[in-house]
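Here are my notes on the fold, point by point. Please keep the model open while you read.

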Amino acid sequence: MITGVMFRDAIISGANNISNSRQAVDALNIFPVPDGDTGTNMSMTIGNAAKEMATLPDDCTLEDASARCASALLRGARGNSGVILSLIFRGFSKAFRGVKEADGRDIANAFENAVSAAYKAVMNPTEGTILTVIREAKDAAVEMAEIQNDPLEVSFAALQAARAALAKTPELLPVLKKAGVVDAGGQGLILIFEGMESVWDNNAIVQPIGTSVTEQAKTVVARADDDIKFAYCSEFLIQKADGAKEHDPLKLRAYLEAIGDCVVVVDDRDIIKVHVHSNEPGNVIQTALRYGQLINIKIDNMRYQHENADLGTKSEEEIVKPTVKEPENDYGFVSVCAGEGLTELFKDLGADNVVSGGQTMNPSTDDILGAVMATPAKTVFVLPNNKNIIMAAEQAIPLANDRKVIVLQTKTIPQGISAMLMFDDTLEAEENQMAMMEAAERVETATVTFAARDSEVDGQKVKQGDVMGLCNGKIKFIGEDVAEIAVKSTEKLFRKNEHSLITIISGEDATEEQTEIIEEALSKKCGSDAEITIVEGGQPIYYYIISVE
């Protein structure tokens, strides 16, 4: 039988197992654009649950452990893979309601609920992904439960079927087969299940590999009495690349020491180990990406840790909770973006709160919920502005029970800007939702960024460090000149009879010279057919985000 303490330890073990291997899971991502990698998102999501599990006593019930696990996963969900993972365990929790100890049929029922929850949340389920893996695991669990009502046999059958399903994912998704990899989300899920199986079958919790600098820093923070000057503790490894823009680790150290303290830069043959306390984690990541691919990324808010270091000993009344504002206004807005310029722009457009995040920093459901609750409005519109953040934002809807939350399906920053401009406070919420999304969908977006890894996309070979021009999310141009790629990408989208406005949003790594070249070239190309606007966004990762309307 599976008890509450076994479930508790299994979650901790599963979290440790994927954390130990998240570098390998991240490496399975084949799209070269820098993003919130699957292994990192899944590891951070279940890591939030592991922290919750660590507070449970040995006499915890299965119902309580699974419910608290599901809640922590939901709030900590990052990226689409993290959200799907949280839904799987929400299904488990639903099956374990009123169950003191789970037998084989209970485990099979848990898998059935997990599959139902996961598939319902995805509008267009794609086979060859984590969904296939959990579905085939469910089929095996149900079949075994009919033969033998032993929870260990049922869970092992599910794990074996999941492994077999993962091996078949390249046959279901040609893009995986061409790259010679399996699905990253499915691999992450199996690592978690393998960690759980270690507890259920061998009574052994998978241990984390080593004690990280981050964990040492947490101990120091918990004892700290002085004010913390630099809030964010960032730790990661840089996998060196021959084609990287930078190679000198001393230059990286000098930069980090200029913006923070507690700097550790250890140079090895193939990797650079980095640790720094700063107030600019986005800039730390962006600068480090010049040296190669980042792995094992951990970013902690040390002020938050300090405030909550003795959380376990505080009463509920003593716990410092996020700011909650009474819903007094009719409407409010929460936007997700990265970069000082973009933050100010969204606030100027009417955003009450801006959640810091984007391509490489997918905010959690709890991050978005906190911003929603800090918005004093009866109806709060949330603009994710990134396709990998939409699902996490949607999970906040039922959690904000004293106000209505409407998540607009904005997939790019320009879509979010156009949606905000279309808002009319004389209209009802649903009318605004429709009008704002119609405006967003009329926007076409070009982005200029760099390749985070070697890859091949639609027959085009991409080398790490290449400059890439994406048109509505698809790679169309590859080269070395940022300005040239930006112009080509914009020209690809612009149609004289349909478009009249071009907005060029420059990132933190764009130069004034590049922006001037782009503006001049587009002025010659489009002439009087388009009004060109320049915005200093300051966003990381993207040299330019360009909208055509």
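**Notes on a helix pair and a sheet**

1. Start with helix H5 (residues 104-121) and helix H6 (residues 130-147): their axes cross at roughly 155 degrees and come within 8 Å. This is a predicted model. Angles over 145 degrees count as roughly antiparallel, so H5 is roughly antiparallel to H6. The crossing of the two helices is left-handed.

2. Look next at the residues between these helices. From H5, the contact includes Phe111, Val115 and Tyr119. From H6, it includes Leu131, Ile134 and Val142. Charged residues take part too, among them Arg105 and Glu112 in H5 and Arg135 and Lys138 in H6. By class, the contact of H5 with H6 has 11 nonpolar, two polar and four charged residues.

3. Now the sheet. Six strands form an open sheet with mixed pairing, in the order E13-E12-E9-E16-E14-E15. Which strands stand at the edges? They are E13 (474-479) and E15 (531-536). Each has a single partner strand, so one side of each is left without a neighbour in the sheet. On average, neighbouring strands are turned by 20 degrees against each other, direction ignored.

4. Strands E9 (residues 444-450) and E12 (residues 467-471) run antiparallel and are joined by five bridges. Thr449 has Met468 in E12 as its bridge partner.

5. Finally, a helix on the sheet. Helix H19 (residues 482-493) packs there, touching E9, E12, E13, strand E14 (501-506) and strand E16 (544-548). The direction of H19 makes about 15 degrees with that of E12.

How values were computed: Residues numbered from 1 in each chain as written. Predicted model: local features only at pLDDT ≥ 70, side-chain atom pairs only at ≥ 80, totals over all residues. Heavy atoms only, no water. Pairing = 2+ DSSP bridges. Helix = DSSP H or I, 4+ residues; strand = E, 2+ residues; numbered from the N terminus. Axes fitted to C-alpha atoms, helices over the stretch in contact; angles between N-to-C directions. Contact = heavy atoms within 4.5 Å. Parallel < 35°, antiparallel > 145°, perpendicular 65-115°, else oblique. Left-handed = near helix turned anticlockwise from the far one by under 90°.
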